[in-house]
Structure formats: C-alpha cells, structure tokens
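Colleague: I am new to this structure and would like to go through it with you slowly. Could you show it to me before I start asking?

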Amino acid sequence: MCFAVVLLAIFARTFLVLIHYAAGSELYSYILLVPLVSAYLLYLRRDQLPKNYAIDLPLAVVSLAVGLSVLAFTYWLDFTGRAPGQNDRLALLTLSFLCCFAAGGFFFLGRAWMRAAAFPLVYLIFMVPMPDAMADALEKASKSASTEVTNLLFHLSGTPFLRAGAIFQLPNITIEVAQECSGIRSSWVLFMTSILAANLFLKTRWRRFALVAFVIPLGILRNGFRILVIGLLCVNVGPQMIHSLIHRRGGPIFVMLSLIPFFLVLWWLRKGDARSRQPK
C-alpha cells in the first residue's frame, strides 16, 4: 500500500494531466472509468487471491526496468528537442507507471497473487491513451471499411447513387464519409466491453475470442448503418437532415442498437458454455 501511494505521488502530475485530458476528450473519456472497473474486478476476485505472499524478484526487476526505461526514453526525447505530443507523452508516462506498479506487485505480493489478479491488472492497459499513429491508423481503417459497408447498404436499399471514393452522390445531396465519421470511439469502447463481458460471463477460451472478434464487424456494420440512415433521411426528408441531431448527436442511439446483437451473441455463447460444462 505504501509503495502504491509513493508511486502515485511520483506520477501525480501525470495523472492530473491525464484526468483533465480524458475529461475533455471525446475519444478518451472512457479512461476515467478504467481504474474503477479494475478495482471492481479485483473486489469480485478477493476470495480467489492468495493470502500468502512470496517475492518474485526477477519479474519485479524486469517490470521495473521496463518502466524506468520508458520513463527515461520520454525525458530523453524532451532533452533532445523531439518531445512527443501531449497524447503520446501521456501514453508513455502512463505505460511507465503501469510497469512500475506491476513491479511493486511482483515484489510485495508475488507471482501467484499477480497471476490470480492478472485480468483486472492487465485491463488497466486501457488507461494508456492510444498513440497518435495508432488512433490515426484505426480511424483510416474504420473509415475505409465503413465506406464499403455503406456502399453495400445503399445498393441493398435500392437508393440510386454515384460513388467516387468516400463520396456518395445521392438524389438531392452529396455526402462524404470523413475520418471523423469513423466511429472509432464507440467501436473501441465496444471492444473494451466485449473483453470485459467475455471474462466475466464466458469460461471457454474460444468463445471468449469469438465474442471479442464479433464486435469488430459489428462496429463497422453499425457505422455503415448510421451513414445509411443519415443518407436516407437526407433523400426522403430533406438535405437539412445532414445538420440534424441524429447526425451530430445520434451516436449513442446507434451504439445502443448495436448492443442488441452483442447481447444476443453473448447469450448464445454463454448458453453453449453452460451446455459444455454439463456432465455427459
């Protein structure tokens, strides 16, 4: 406990900046909930955690070395005039904290305790903001996939249109699937939710992977469907619908809709889990 308090004091400035950054970010606001989720998962597993602690010095040293190396690398970039942007800097410093935190766990609690608490502790990795290059790559990939799904859905809907790349010419409006329309935030949160749900409700490894894998096409389909709905509203109601609330603030509605197939698949996989554990 004292180690954790000291470590938090050392990284206090980093966490104050991270909290302020996440609170004002549309993409990273989920970071504020990650420590609470991990703490709750540890609470659920409290009876499974070993009560006898044994120092694991090798893993403690390795984790500490990685954490200090990341910290040193961050300040070396500052010293050489190649300081990263705020997002990348926070990612490096948060990763450094988590490695040092893990080192304390291995040293004071031991390998058995850390293994029993592995999932809640590993889930803390979502506190690390995505590096800019990763976020940009995911946004471009999501935009590209969503454009192809939108193209297919427009064909299936029977709506006449012309397409030039990510631009769709509809009967009375032209819309473009911009990078801001990638839906990366909601897809990332859905991905995190699937990992959490798979660990809490599923026991079979392949079913856990199946649930997590399912949310990738689900997120793309949800985003394409949202673009389709906005396009059809512009065609059938009027081009002013491009400025409507369903376009500017309608994201949560489509996220809620995507949770319906998500929970159906989770229920189906969990039902299969229960059958597989029944004695034959």
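Colleague: Which strands does helix H8 lie across, and at about what angle does it run to E2?

Modeller: This is a predicted model, in which local features need pLDDT of at least 70 and side-chain atom pairs count only at pLDDT 80 or more, while totals for chains, interfaces and linings use all residues. Residues are numbered from 1 along each chain as its sequence is written, and side-chain values use heavy atoms, with hydrogens and water left out. Helix H8, residues 132-157, lies across E1, E2 and E3 and runs at about 20 degrees to E2, where angles run from 0 to 180 degrees between N-to-C directions of axes fitted to C-alpha atoms, for helices over the stretch in contact, and contact means heavy atoms within 4.5 Å. Helices (H or I, at least four residues) and strands (E, at least two) are DSSP runs numbered from the N terminus.

Colleague: What makes E2 and E3 a pair?

Modeller: Two strands pair if DSSP finds at least two bridges between them, and strand E2 (residues 167-170) pairs with E3 in the antiparallel sense over 4 bridges. Within E3, Ile175 is the bridge partner of Phe168.

Colleague: Why is Cys234 called buried?

Modeller: Buried means under 20% relative accessible area, exposed over 50% and partly exposed in between, with a 1.4 Å probe and protein chains only; Cys234 has a relative accessible area of 0%, so Cys234 is buried. Cys234 sits in helix H10, residues 205-236, and, not counting residues up to four places away in sequence, touches Asn172, Ile173, Pro239, Met241 and Ile242.
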